[in-house]
Amino acid sequence: MSAEISEYYLDNGWVAKKVGENIAMLYVTPIENSFFRSYLEVPLTKEEFEAISRGQTNTRELFAKFNLHVRIINLNSQVSELKVNNSDDKFYGRGFIAFQEGDRYYLKYQLAVQGGCSRRFEISKKIYEDARTGNKTTKELFDKWGLHKYDNPSNDME
């Protein structure tokens with residue numbers, strides 16, 4: 001039995017998505033000539049996701065009501081401070097890090113939560129190699145490989 005997927009598009013093209021009982025996520029894509037120039041995955045509160053699911057898809061209204069832009073800006077600042085230094089066993093992708101430890105492969109990404117937190121889980125070598133091509137965002141990897149089932153708090157890291 002597969003988990004129920006709820007997906008909504010905001011007026012600027014960003015996607016709010018919730019899979020089963022997992023945390024709802026806002027997938028931020030770059031907007032030309034704006035501050036939003038990075039691919040980010042931002043956790044949404046229950047209240048925020050419910051508002052979006054009821055049709056509140058105007059980003060300005062969501063920013064005004066929930067101060068969502070502050071979390072996005074803070075996360076964007078944290079991500080832009082990271083120095084990218086790819087190696088044979090570590091690849092910094094568009095919103096994620098794919099890495100190898102011994103004969104195991106992992107995907108890790110930053111969550112936009114107070115105090116900072118990241119999420120990590122094991123992936124196959126095939127997914128790892130696909131991630132290393134550099135042409136996919138975290139959301140695109142999740143959609144292509146059905147990784148949403150691993151996007152849950154049990155995989156959180158402090």
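Ser6 has Lys18 as its bridge partner in strand β2. The model is predicted: local features need pLDDT of at least 70, side-chain atom pairs count only at pLDDT 80 or more, and totals for chains, interfaces and linings use all residues. Residues are numbered from 1 along each chain as its sequence is written, and side-chain values use heavy atoms, without hydrogens and water. Helices (H or I, at least four residues) and strands (E, at least two) are DSSP runs numbered from the N terminus.

β1 and β2 (residues 15-19) run antiparallel and are joined by 5 bridges. Two strands count as paired if DSSP finds at least two bridges between them. The open sheet holds 4 strands in the order β1-β2-β3-β4, with antiparallel pairing. Its edge strands, β1 (5-9) and β4 (40-43), each pair on one side only. From one strand to the next, the twist averages 20°. Helix α5 (residues 138-145) packs on this sheet and touches β1, β2, β3 (25-28) and β4; contact means heavy atoms within 4.5 Å. The direction of α5 makes about 40° with that of β2. Axes are lines fitted to C-alpha atoms, for helices over the stretch in contact, and angles run from 0 to 180 degrees between N-to-C directions.

Helix α1 (residues 46-53) has Glu48, Phe49, Ala51 and Ile52 buried, that is, under 20% relative accessible area with a 1.4 Å probe, protein chains only. Seen down the axis of α1, these buried residues fall within an arc of 160°, so they line one face of the helix. The arc is taken from the directions from the helix axis to the C-beta atoms. Just after α1, Gly55 takes a positive phi of about 110°.

Definitions and conventions:
Buried < 20%, exposed > 50% of the residue type's maximum accessible area, 1.4 Å probe, protein only.
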